[in-house]
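Please read the following report alongside the sequence and the model.

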Amino acid sequence: MAHDAGDSGCELPPPAKKKSPSEEEAEKRRKKLTPGSLMKGIIRSGSGDATPAEGDQVILHCTTRTMDGIIVNSTRREHGGKGIPLRFVLGKSKMILGFAEGFPTMLKGEIAMFKMQPKIHYAEDDCPVAAPDGFPKDDELQFEIEMLDFFKAKVVAEDLGVVKKIVEEGKGWETPREPYEITARMTARTADGKEIIPSKEEAYFFTIGKSEVPKGLEMGIGTMARKEKAIIFVSSAYLTKSSLMPQLEGLEEVHFYVELVQFIQVRDMLGDGRLIKRRVVDGKGEFPMDCPLHDSLLRVHYKGMLLDEPKSVFYDTRVDNDGEPLEFCSGEGLVPEGFEMCVRLMLPGEKSIVTCPPDFAYDKFPRPANVPEGAHVQWEIELLGFEMPKDWTGLTFEEIMDEVDKIKNTGNRLFKEGKFELAKAKYDKVLREYNHVHPHDDEEGKIFANSRSSLHLNVAFCYQKMGEYRKSIETCNKVLDANPAHVKALYRRGTSFMLLGEFDDARNDFEKMITVDKSSEPDATAALLKLKQKEQEAEKRARKQFKGLFDKKPGEICEVGVESEGRKDAGGAKDAGGARGSDDATSADRGANTMDSPTREPEYAFEEERPGLLGRLWPSARRIFSSLGMNRCTIL
């Protein structure tokens with residue numbers, strides 16, 4: 001019988017918190033402690049009442065002695081050491097058991113003596129650190145520890161070769177990355193306190209990724225926000241030669257004291273150095289949450305220049321557009337692709353300079369008369385503002401379908417212009433929004449189902465035009481799973497099968513069209529005729545390729561005929577080209593305005609659909625996310 005703990009006045013204990021691997025390991029090692037194995041005596045009291053915790057970096061001096069007082073080793077110069085304190089990050093650094101248990105008991109500034117039996121220092125079973133050469137690990141020893149400092153550490157390098165201490169929090173959460181341009185005030189000291197980069201009033205300027213500062217310093221600054229002050233501890237493995245520090249001999253560790261004054265966002269949009277966006281004036285808001293990542297109505301001023309010497313201006317909205325800004329909807333192919341990619345990563349009020357190669361500028365876009373073919377261009381862009389798409393929340397079903405029609409019509413226009421990726425993005429956007437639309441009655445349900453099916457077929461047609469026939473088939477299946485007798489879906493899928501060279505599957509779909517709808521017989525018959533022609537062409541190519549293979553006598557060598565490289569088949573690879581404009585494409589592929597006949601594909605492809613709040617991103621999204629360092633963008 002179920003029992004309610006509340007009825008008896010007692011409370012059930014909260015569920016036990018799952019321990020981290022480091023906590024489990026520490027608990028396992030702690031069982032090795034026995035009475036008298038680790039003893040502590042305070043030589044000098046520390047200050048405050050805070051003690052180090054897991055995740056803190058501790059900085060300390062250590063002198064090891066035998067029980068007779070003979071010094072074995074030390075970090076202190078007066079005892080033969082280098083004068084360089086030790087650094088450990090609790091819970092991450094490997095250390096002897098006596099240190100792991102003793103450090104968390106110390107106050108800042110405290111000096112304590114720890115007496116350890118061998119099993120508590122380097123003679124421990126499975127000790128994670130090796131004893132120094134000649135170290136008396138089988139003897140009971142005394143470790144004198146001075147706790148110089150401890151603080152919450154930001155581990156930058158997993159091997160703890162770069163660790164950061166935040167002295168003063170910065171502003172915002174954006175941090176610099178390659179190839180950002182950095183302005184910072186810096187000083188640097190060795191681990192024993194010797195100044196190697198003196199402080200000065202003027203700031204340092206450098207670009208991340210150009211080896212102008214040591215690698216470890218770059219890594220640390222890459223975790224800092226604007227105006228943040230920090231100390232970055234860099235070990236020798238990360239002290240690479242640079243113009244800032246050309247001489248590194250004898251440096252085991254350097255502490256950089258950094259104030260990140262400013263950084264300029266520079267983005268390599270394609271990852272190959274050809275399309276570069278450089279922010280020159282900051283915008284308002286947080287990057288990238290307040291950028292127009294979704295399809296939006298954008299307002300920009302821009303100046304376009306040719307990258308010749310001297311630079312010549314070919315368009316300026318403030319001069320050539322009567323001072324009015326350019327307004328355009330993103331995701332509709334209304335501006336060059338490189339232009340739109342960069343504007344989507346701008347904040348309102350931001351000004352950026354974009355350097356763009358011809359294939360992302362005007363070679364694939366209507367070119368201004370004064371821009372020659374193959375021209376590299378530069379745009380100075382100011383994002384004045386943008387309007388997000390209408391939120392469907394609270395709209396009636398009829399209003400939603402009106403919005404769908406607008407987006408679908410835009411997709412149809414893009415399709416007719418040959419911009420198949422952009423068109424597909426529009427259809428996909430509505431399909432995503434449809435996941436949140438719930439018809440209220442049978443009539444609305446019927447309209448909704450028909451609209452969704454037509455959108456899937458539009459997407460399938462885009463895939464077909466893009467040569468991605470397998471994806472086209474998969475998209476058609478979404479319609480046929482719900483309605484196996486959908487004639488347009490059968491036609492679209494059959495055509496994709498045919499273009500793939502899977503003739504039997506194509507024939508099954510075309511024949512099924514006649515079975516489920518007699519009125520489709522003329523179209524199905526035409527498709528079957530086309531299919532027969534395809535099969536004959538494939539057989540003819542096969543005979544030509546293998547001509548003479550079986551004409552030789554035993555023992556004779558025969559060479560198989562090879563077609564020219566321009567005529568690959570693979571069961572229809574040449575046919576695949578037909579889908580992009582050759583005579584192999586059905587008349588539907590050439591008649592983007594006919595919406596009734598399966599032999600006139602566009603009609604079997606196009607229906608109308610609507611926009612959504614969570615819009616499917618533009619085809620360049622993958623490049624933009626890459627430039628952001630994100631393979632996936634959860635924001636979107």
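The text below turns to a helix, then to aromatic pairs, and then to charges over rings.

This is a predicted model, in which local features need pLDDT of at least 70 and side-chain atom pairs count only at pLDDT 80 or more, while totals for chains, interfaces and linings use all residues. Residues are numbered from 1 along each chain as its sequence is written, and side-chain values use heavy atoms, with hydrogens and water left out.

Helices are DSSP runs (H or I, at least four residues) numbered from the N terminus. Helix α7 covers residues 420-433, and its end C-alpha atoms are 20 Å apart, which agrees with the 20 Å that its 14 residues should span at 1.5 Å a residue; the expected span is 1.5 Å times one less than the number of residues. Of these 14 residues, 12 are buried, where buried means under 20% relative accessible area with a 1.4 Å probe, protein chains only. Among them are Phe-420, Tyr-427 and Leu-431, and what covers the buried residues includes α6 (397-416) and α8 (442-465).

Rings of Phe, Tyr and Trp (its six-membered ring) pair if their centres lie within 6.5 Å; planes under 30 degrees apart count as stacked, over 60 as edge-to-face and the rest as tilted. By this rule there are 18 aromatic pairs. In one of them, Tyr-434 and Phe-448 are tilted, at 4.6 Å centre to centre and 50° between the planes. Tyr-434 lies in the loop between α7 and α8 and Phe-448 in helix α8, so the pair ties together parts 14 residues apart in sequence.

A charge sits over a ring if NZ of Lys or CZ of Arg is within 6 Å of the ring centre and within 35 degrees of the ring normal.

| Charged residue | Ring | Distance from ring centre |
|---|---|---|
| Lys-108 | Phe-150 | 5.2 Å |
| Arg-189 | Tyr-257 | 5.0 Å |

Notes: Helix = DSSP H or I, 4+ residues; strand = E, 2+ residues; numbered from the N terminus. Buried < 20%, exposed > 50% of the residue type's maximum accessible area, 1.4 Å probe, protein only. Contact = heavy atoms within 4.5 Å.
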